[in-house]
Amino acid sequence: MKQFCFLLSYLFFFATSLLSFSQQYINPLNIPPALSGNFGELRGNHFHSGVDFKTQGVTGKPVLAVEDGYISRISVSPGGYGLALYVDHPATGHTSVYAHLKSFSKKIADWVIIKQYEQESFQVNLHPEKGMMPVKRGEQIALSGNTGSSGGPHLHLEIRDTHTQEPLDVLEYIGQVPDTQKPDLRGIAIYPVAGKGIVNGSGNPLRMNIGKDKAGNPSSPGKTVNAWGRIGTGVKAYDRMNGQSNIYGVKYIRLFVDDKQIFSSTIGRYSFNDTRMLNSFIDFEDWKNRRSFFMNSFIEPGNRLPFYESANRGYIDIDEERAYRFRYELEDLYGNMLSYSFTVNGQRQEIPEEPGCSNWMAWNLHNSFLDLGFSLSIPTGNLYDNFCYSHFITKKPTYYSDVHHVNNNPVPLHKSGTIWIKLHTDTLQNRNQYGIVKISDNGNESWIGGSYKRGGVEASIRELGDRYAVSSDTVAPVITPLEPAGWVSQKKIRIRLSDDKSGIAYFRGEINGKYVLFTHDSKSPVYTYIFDDSRLIKGEKQILVFRATDRAGNSSEYSYSFHY
């Protein structure tokens, strides 16, 4: 009976969805569509620019071109998209992108290897001439994989505007995915504007998790909300799909106060140059501290995302002692909608004055801070809102400098800022071995690097709110051969490469003085060369040399002789 009801709901969904969506492209896989990620989903520092198709937990599923076109770009990288193909479709003005692939079809793979040897590099970004590699709708162009910055086997598919390269919502152009489930609300947040508003007697944000009642619907907030003055709100919510345990991004968010729409966001096309503006779309402080995605229902002045419609940029003035009726509508692409209402009580309270500030930074200006032993420069266009910068110093003898606490609270930068830290101890002969490190609360370090300048080190950073100091990396990478006795019989060389601090910047393999292609994926420390009989002279003594350099300039070399 349950299976019959599910079948009826699926058929109803499929029939009704055809009324509003026309399938322009075919499914890129020959298996029933199931998603692990949707378009615009919130990720660390970016919006998800495509959809992730599940591949039944394995790699190696045939990947099909969604429409006639030609391959315009091929990318091979140990991180990011890993192995990726870009197919232009002139008839529609779109480009389809297929990422995290295991391998390319033979005609593509053979050409890529030629180019890798020409450039003497595993990592390549290639642009075949227009029409050089035509593909037909439904043609197999690759096998699905898990390469690059992928957390498991899947196919990442994008549809882009070819002219602007702006990503579009794939599900508006491709076969339907069964979905009759409405979004799931998890939390509500109230943000008093500094110096202009107050909530429950405080100028701090009020974040409330929302549970479920016995029927599975969102329950009321666990506390009464009393506010006065200017406030903004936020919502934590995810979407769901039939038969899947994953959570997805919510496409449409609408906020009403007393039945008047105050704010709406629609996650649609955007520029990759603006994808880091996600950090203004969300409550960045809560994300940084708790890895939680509250989505702001107000628009900061430096936020240029094209997603919004609002009155008063989404801010609400609570200036009457009465109950204000708030309502959120959360909706997915297929029209499944959740409506949630809550009350904010207008209650007169003394609004705390904004504290004095000696280091005010304005969102629309070039900002800087200068102190003995430290400087910070933030070019125009990097801030989303004004804030008061704070800075203090602690001592730790294990570093070559003081430890600099660069602002108390997390503040995202759209592109980057530049810091300079003075050395109090300058003892290294090779000054390239100095580097700035970011220090976490538990004392772990991540290498930022930088360059030696004026008795200190200068580097770029992408957010404020962390601790930085100058450290060093004087240890070369470690090259470890893996079972070299079996290399000839297996026709494969495997080497483990590791570095204790700054990370690998460069590697190169040679046999008898000529470049050989070692492949690599960022999730593994193993580098692999498959014997290529067309490029090896058999019967001769083969001398392998493998070199590696880290980001601080420390180098290692390994050599091994064998007969083949």
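For the linings in this tour, Ala, Val, Leu, Ile, Met, Phe, Trp, Tyr, Cys and Pro count as nonpolar, Asp, Glu, Lys and Arg as charged, and the others, Gly among them, as polar. The model on screen is predicted.

**Stop 1: the second largest cavity.** Select Leu482, Glu483, Gly486, Trp487, Gln490, Lys492 and Arg494, which line the second largest cavity. By class this lining has 2 nonpolar, 2 polar and 3 charged residues. The space inside comes to about 40 Å³. Now colour α5 (487-490) and β35 (492-498); each of these elements supplies at least two of the lining residues.

**Stop 2: an open sheet.** Show the strands in the order β37-β36-β40-β41, which form an open sheet of 4 strands with antiparallel pairing. At the edges are β37 (514-516) and β41 (555-563), each pairing on one side only. On average, neighbouring strands of this sheet are turned by 30 degrees against each other, direction ignored. To find one of the facing positions, select Lys541, which stands opposite His563 in β41.

**Stop 3: the second largest pocket.** Two or more lining residues come from each of β8 (94-104), α2 (106-119), β38 (519-520) and β39 (526-530). Helix α2 gives the largest share, 5 residues. The lining of the second largest pocket divides into 13 nonpolar, 8 polar and 4 charged residues.

**Stop 4: the largest pocket.** Move to Pro192, Ala194, Asp385, Asn386 and Phe387, which lie nearest the centre of the largest pocket among its 46 lining residues. This pocket has a volume of about 1600 Å³. Colour β14 (184-199), α3, α4 (284-290), β27 (387-388) and β29 (403-422), each of which supplies at least two lining residues. Strand β14 makes the largest contribution, with 7 residues. By class, the lining of the largest pocket has 23 nonpolar, 13 polar and 10 charged residues.

**Stop 5: rings around Phe281.** The model has 31 aromatic pairs. Select Phe47 and Phe281: their ring centres are 5.5 Å apart and their planes stand at 75 degrees, so the pair is edge-to-face. Phe47 lies in strand β3 (residues 46-47) and Phe281 in helix α3 (residues 278-281), so this pair ties together parts that are 234 residues apart in sequence. Is Phe281 buried or exposed? Phe281 counts as buried, at 1% relative accessibility, and Phe47 is buried with a relative accessible area of 1%.

Phe307 lies in the loop between β19 (295-296) and β20 (308-310), so its pair with Phe281 in helix α3 ties together parts that are 26 residues apart in sequence. Phe307, like Phe281, is buried.

**Stop 6: the largest cavity.** The structure holds 2 cavities of 30 Å³ or more. For the largest, select Asn38, Leu171, Asp239, Met241 and Leu333, the closest to its centre of the 13 lining residues. The space inside is about 100 Å³. Its lining divides into 6 nonpolar, 2 polar and 5 charged residues.

Terms used: Residues are numbered from 1 along each chain as its sequence is written. This is a predicted model: local features need pLDDT of at least 70, side-chain atom pairs count only at pLDDT 80 or more; totals for chains, interfaces and linings use all residues. Side-chain values use heavy atoms; hydrogens and water are left out. On a 1 Å grid over the protein atoms alone, a cavity is a set of points where a 1.4 Å probe fits but cannot get out, and a pocket is an open set with protein on both sides within 12 Å along at least five of seven lines; lining residues have an atom within 4 Å of a point. Grid points are joined across faces, edges and corners, and a volume is the space filled by probe spheres set on the points. Two strands pair if DSSP finds at least two bridges between them. Axes are lines fitted to C-alpha atoms, for helices over the stretch in contact, and angles run from 0 to 180 degrees between N-to-C directions. Rings of Phe, Tyr and Trp (its six-membered ring) pair if their centres lie within 6.5 Å; planes under 30 degrees apart count as stacked, over 60 as edge-to-face and the rest as tilted. Buried means under 20% relative accessible area, exposed over 50%, partly exposed in between (1.4 Å probe, protein chains only).
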